[in-house]
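Here's a quick look at the salt bridges in this one. Have the structure open while you read.

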Amino acid sequence: MNRKFYITTAIDYVNALPHLGTAYEKIGADVMARFKRMAGYDVFFLMGVDEHSANVAKQAKLKNLDTKIYCDQMAQEFEKVWNKLDIKYDRFIRTTDNDHIKSVQELFRRINENGDIYKGKYAGWYCISCERFYMEKELVNSNCPIHNTKPQWLEEENYFFRLSAYAQRLLDLIEKNPRFIEPEIRRNEIVNVIKNGLEDISVSRSSEVWGIPVPFDEKHVVYVWFDALINYITGAGFPEYDDKFSKLWPADMHVIGKDITRFHCIIWPAMLMAAGIEAPQKVFGHGFIYLSGEKMSKSAGTALDPVSLAQKYGADPLRYYLMREIPFDRDGDFVMENYHQRYQSDLANDWGNLIQRTLSMINKYRDGKVYSTRNLSNPVVEEWRGILSDILGSIEEDYNTMRINIVLSKVWQLIQLSNRFVDSQAPWKLYKQDKNSEELDFTLYSLVEMIRIANILVYPVMPTISNRVQDQLNINYPITLDEASVWGRISSGHAIGKIEPIFPKSEV
Ligand code: ZN
């Protein structure tokens with residue numbers, strides 16, 4: 001039986017369409033999911049939307065729509081965006097889905113039965129955009145430190161979750177599983193927060209009507225974050241403890257932004273512990289994308305729309321640029337010039353050109369066929385295969401730590417080396433000297449193998465283009481990582497397919 005890999009992303013509030021930063025997270029998770037599928041795992045990739053937010057209810061009201069109808073429309077819009085970016089999830093969960101409501105109520109009930117939910121009075125500053133309370137000392141000039149807007153003073157009777165009781169157990173969890181929180185900088189932040197002391201948190205609201213009712217007290221709805229986090233077990237089949245749940249849970253990786261690590265690395269595992277459910281294997285807190293050094297802001301008109309960016313060259317080049325240029329574990333910069341530059345140099349010149357000229361020469365010198373030869377070797381080919389075995393030796397670990405940029409830069413070493421191989425072998429000269437040159441066959445065959453293998457390694461990032469390259473090579477077996485470790489997969493006499501430019505030259 002294949003090993004499973006259950007990966008999730010944060011679910012997004014539907015009060016605005018996704019911006020580039022949101023897309024970056026989903027693309028990173030999709031690349032990971034595709035890599036794991038290619039490596040033979042049974043992957044379950046969960047994405048979705050978070051609908052029970054006061055912000056969402058507010059937007060619906062502004063648009064004069066029933067909240068649920070507004071959410072239905074927005075959920076569709078989100079799915080359209082993700083499809084345009086070639087993100088292939090297995091389920092798109094909505095927090096208004098019936099199974100999720102059941103799951104939230106069951107978890108709430110269970111934590112209550114175990115004695116970790118109690119009723120109390122809460123008073124504090126609440127930022128509706130963050131959907132969380134702030135302490136006086138956390139405010140900046142009396143405003144939310146993130147949104148710079150004035151929070152509301154709220155006083156209400158709420159249900160509380162006894163988070164304070166879990167500090168030691170959380171520290172033990174983090175110590176026992178050093179990879180529970182990545183990257184390391186995020187782990188250190190979380191350990192500090194826990195060591196500074198945890199307070200119980202309010203997990204219901206009595207002033208809201210939009211939300212999931214507390215199962216034993218209909219006057220309250222479950223706090224939106226408590227509700228949202230539970231989507232990860234709903235996606236795995238909770239509250240049924242059936243084959244699906246025991247297969248999928250615990251999740252292998254929650255991919256989230258670094259601003260919500262406290263929810264995922266403190267509150268979430270504590271909630272699960274309180275209900276007797278295992279904590280997830282790993283939470284990865286990625287960095288933020290800035291626009292030429294500036295924070296993107298919708299209100300300031302500096303937020304980039306991922307769909308219009310993908311319209312320029314297609315989704316794959318955008319995915320490539322983001323994964324190559326911005327290391328997943330830290331903040332990065334989207335620079336429009338670099339985006340065009342990467343397209344021209346890495347994609348059109350390096351990768352596209354290698355494919356185009358290799359396949360054209362096969363047509364020209366060998367009537368569209370490649371022939372394997374025996375007993376020939378070449379130092380460039382040996383070097384190439386050395387780099388490849390290096391890549392294959394560490395690729396799984398590179399992916400597990402989301403070092404996708406590192407994998408890509410190594411793959412580009414291969415691609416550039418292949419181009420140098422074309423130049424040094426000069427097949428046009430070989431042909432001129434001897435039409436039946438065995439060296440020419442060796443060169444063309446080696447190049448086709450190089451392209452076939454590099455194309456597998458590129459696949460998780462550029463799936464559509466990889467499939468087109470497979471078509472041009474005229475190979476139709478599925479793309480798997482195993483195929484990348486076999487040199488000589490293409491049989492002698494194999495006929496290539498129809499050639500078309502993969503990265504058309506584009507006006508900047
Ligand atoms: Zn805020």
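Let's start with Lys119 and Asp217, which form a salt bridge with their closest N and O atoms 3.6 Å apart. Lys119 sits in strand β5 (residues 117-127) and Asp217 in strand β12 (residues 217-222), so this contact ties together parts that are 98 residues apart in sequence. Keep in mind that the model is predicted.

How do the two ends compare in accessibility? Lys119 has 42% relative accessibility, so it counts as partly exposed. Asp217 comes in at 9%, and because buried means under 20%, Asp217 counts as buried.

## Asp398 and its two partners

Asp398 turns up in a salt bridge with Arg403, where the closest N and O atoms are 2.9 Å apart. With 5% relative accessibility, Asp398 counts as buried, while Arg403, at 34%, is partly exposed.

Asp398 also meets the side chain of Lys410 in a salt bridge, at 3.1 Å from N to O. Buried or exposed? Both Lys410 and Asp398 are buried.

Which residues get joined through shared partners?

As for the overall tally, the structure holds 40 salt bridges. Among them are the Lys119–Asp217 pair, the Asp398–Arg403 pair and the Lys410–Asp398 pair.

Methods:
Residues are numbered from 1 along each chain as its sequence is written. This is a predicted model: local features need pLDDT of at least 70, side-chain atom pairs count only at pLDDT 80 or more; totals for chains, interfaces and linings use all residues. Side-chain values use heavy atoms; hydrogens and water are left out. A salt bridge is a side-chain nitrogen of Lys or Arg within 4 Å of a carboxyl oxygen of Asp or Glu. Helices (H or I, at least four residues) and strands (E, at least two) are DSSP runs, numbered from the N terminus. Buried means under 20% relative accessible area, exposed over 50%, partly exposed in between (1.4 Å probe, protein chains only).
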